[in-house]
Amino acid sequence: MKPMSPFFSTGEGCITAEVRGLLMEILKVRVPLSFELALERSGLSPLLIKGKSILPIVQGGMGVGVSAHKLAGAVAQCGGMGTISSIDLRRLHPDLMEGTKYLKPSPESKELINQANIEALKREILMAQEISKGRGLIAVNIMRAVNEYAAYVKCSLENGVDAIVVGAGLPLDLPDLAADYPDTALIPILSESRGIHLLLRKWEKKGRLPDAIVIEHPRWAGGHVGASSIEEVQNPKFDFETVIPDTLAIFKTMGLEGKIPLIAAGGISSFDDIKRLQDLGASAVQLGTAFAVTTECDADDEFKKVLAEASPEDMVDFLSAAGLPARAVKTPWLTQYLEVLPKLQDVARKKPRCTMTFDCLHDCGLRDGNSQWGQFCIDKVLGSALVGNVQKGLFFRGAGKLPFGNQIKSVPELIIKLLEKSLEPPLHVNPAY
């Protein structure tokens with residue numbers, strides 16, 4: 001009889017509390033062996049990016065400051081892909097924040113804040129790399145919609161990140177920006193096959209293809225979602241059952257079969273979800289909120305509590321200041337904002353300066369007076385959420401249940417949970433709470 005793996009008991013793969021406790025002690029010493037064994041026993045396929053085989057689990061980028069070096073480093077150390085969100089990371093560094101928060105509005109102040117954020121991004125990358133110690137992959141997520149997009153890409157490349165992930169707009173210029181860094185994986189985030197086809201044709205002309213593509217489902221993802229309007233969020237054209245086969249058909253037509261891994265994002269919470277998506281043709285999955293409620297997440301504990309305890313009735317879709325549909329928990333700030341939104345839209349006008357001085361977004365509904373977009377400072381409210389201020393913060397969250405319900409668990413525990421087979425009948429991906 002073979003000795004029992006610490007990941008699996010006899011039968012269907014159920015783990016007892018006693019064995020799980022023993023496993024967590026083992027993980028402190030034998031993390032690499034343990035997770036590789038878990039993947040092998042799961043029957044899932046690994047994710048291959050730039051010739052490196054990792055777990056088929058990607059941690060999504062979450063700003064402001066929610067996914068930084070602690071979370072990204074922990075995920076990579078377990079053998080997955082950890083992602084740092086690049087936006088306004090100075091908030092995690094007291095010295096950088098102290099040197100920039102009292103500046104008076106001016107072009108010089110804007111430049112000082114941007115320099116502080118670049119320094120913070122550099123620090124976060126280096127600290128994440130120290131935690132991961134070469135395991136997994138460290139990525140940086142950069143919104144195409146931010147003003148300092150190109151500067152964040154440059155900083156990430158120069159500091160040796162394994163991958164750059166770009167959403168909130170088509171990153172048609174990313175191959176040009178990364179032309180001198182052929183070993184860095186370039187990963188766009190899109191939601192439908194039409195956009196994927198357009199990007200592939202544009203990138204192919206530049207002599208470079210994506211090293212993976214994240215397919216984000218707007219109905220289930222958190223934060224900014226890849227739809228053109230709130231009404232379109234529920235469109236069935238975004239279903240994985242449609243987008244993944246259509247994208248694979250595009251690959252076949254272009255002679256790209258087997259060359260670009262697809263990473264499904266939105267509503268994933270179990271081994272069964274991952275298995276089903278791999279059977280559909282995806283290579284891996286991306287989770288955001290599930291990682292945001294781990295002990296290693298860089299945000300305040302109150303932030304994690306708000307996300308973990310939110311019910312389906314607490315979730316709200318609305319239009320962000322970036323002009324994109326977004327999803328968040330209906331906290332006191334969001335409730336009040338939505339109540340006064342019509343009045344704010346009536347008095348919308350172009351402002352002489354950015355509320356936070358450094359013009360984080362290239363186009364901003366509040367600063368630019370666009371009454372059809374959100375009328376709030378997104379950096380300010382996300383920054384308040386980061387420190388757990390429920391009264392003033394905007395708490396982005398994905399829809400759907402979390403792997404551990406309302407419990408806060410560690411990154412290793414979450415990854416083990418996702419890799420273990422369930423005794424329960426498989427549910428449709430994106431199940432209800």
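Isoleucine 260 sits in the loop that links helix 8 (240–253) to strand 10 (262–265), where helices (H or I, at least four residues) and strands (E, at least two) are DSSP runs numbered from the N terminus. In this predicted model, local features need pLDDT of at least 70 and side-chain atom pairs count only at pLDDT 80 or more, while totals for chains, interfaces and linings use all residues. Residues are numbered from 1 along each chain as its sequence is written, and side-chain values use heavy atoms, with hydrogens and water left out.

Isoleucine 260 has a relative accessible area of 8% and is therefore buried (under 20% relative accessible area, with exposed over 50% and partly exposed in between; 1.4 Å probe, protein chains only). Leaving aside residues up to four places away in sequence, isoleucine 260 touches Leu200, Leu209, Pro210, Ala212, Ile213 and Phe251, a contact being heavy atoms within 4.5 Å.

The chain as a whole has 15 helices and 13 strands. Of its 433 residues, 55% count as buried. Among contacts with a separation of 6 or more, 68% come from residues 24 or more positions apart.

Beyond four places in sequence, phenylalanine 291 touches residues including Ile57, Met62, Leu71, Cys297 and Ile415.

Which residues make the contact between helix 4 and helix 5? Helix 4 contributes Asn117, Ile118, Leu121, Lys122 and Ile125, and helix 5 contributes Ala151, Tyr152, Cys155 and Ser156. The axes of helix 4 (residues 107–132) and helix 5 (residues 149–158) come within 10 Å and cross at roughly 35°; axes are lines fitted to C-alpha atoms, for helices over the stretch in contact, and angles run from 0 to 180 degrees between N-to-C directions.

Cysteine 155 has 6% relative accessibility and so counts as buried; cysteine 297, at 4%, is likewise buried. The structure holds zero disulfides, defined as pairs of cysteine sulfur atoms within 2.5 Å.

Finally, the buried residues of helix 9 (residues 271–280) are Phe271, Asp272, Asp273, Ile274, Leu277 and Gln278. Just after helix 9, glycine 281 adopts a positive phi of about 125°.
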